[in-house]
Amino acid sequence: MFDTSHPMFRPLWFRLGLCAFLIFWTGLEWHFGNQTWMILTGVIALVCIYKLLIEYQPPAPKADGDASSLPDDSQD
């Protein structure tokens, strides 16, 4: 689906805000009678709620000695 280990999804406020926005958007589509877009945004909202709130596991912090986490300062 999508990578939930991205650092953007770490803060709870961001995950809640994204889910709330999608629920709001679904409500707007329902209000204006756009059934296709209501179903589409509703399904996306349900997937986000499940993946970002119910099933979410924060990524493990990188070890301090991990060479892949160090910036590349080589000057060729």
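## Helices and the overall chain

Helices here are DSSP runs of H or I that are at least four residues long, while strands are E runs of at least two, and both are numbered from the N terminus. By that rule, this chain has two helices and zero strands. Leu-40 sits in helix 2 (residues 35-54), and Arg-15 sits in helix 1 (residues 12-31).

Keep in mind that this is a predicted model: local features need pLDDT of at least 70, side-chain atom pairs count only at pLDDT 80 or more, and totals for chains, interfaces and linings use all residues. Residues are numbered from 1 along each chain as its sequence is written, and side-chain values use heavy atoms, with hydrogens and water left out.

## Leu-40

In the chain of 76 residues, 17% are buried.

Leu-40 and Thr-26 are 14 residues apart along the chain, and their C-alpha atoms are separated by 8.3 Å.

## Arg-15

What does Arg-15 touch once you skip its neighbours within four places in sequence? Arg-15 is in contact (heavy atoms within 4.5 Å) with Phe-9, Arg-10, Leu-52, Leu-53 and Tyr-56.

Across the chain, take the contacts with a separation of 6 or more: 57% of them join residues 24 or more positions apart.

Note on methods:
Buried means under 20% relative accessible area, exposed over 50%, partly exposed in between (1.4 Å probe, protein chains only).
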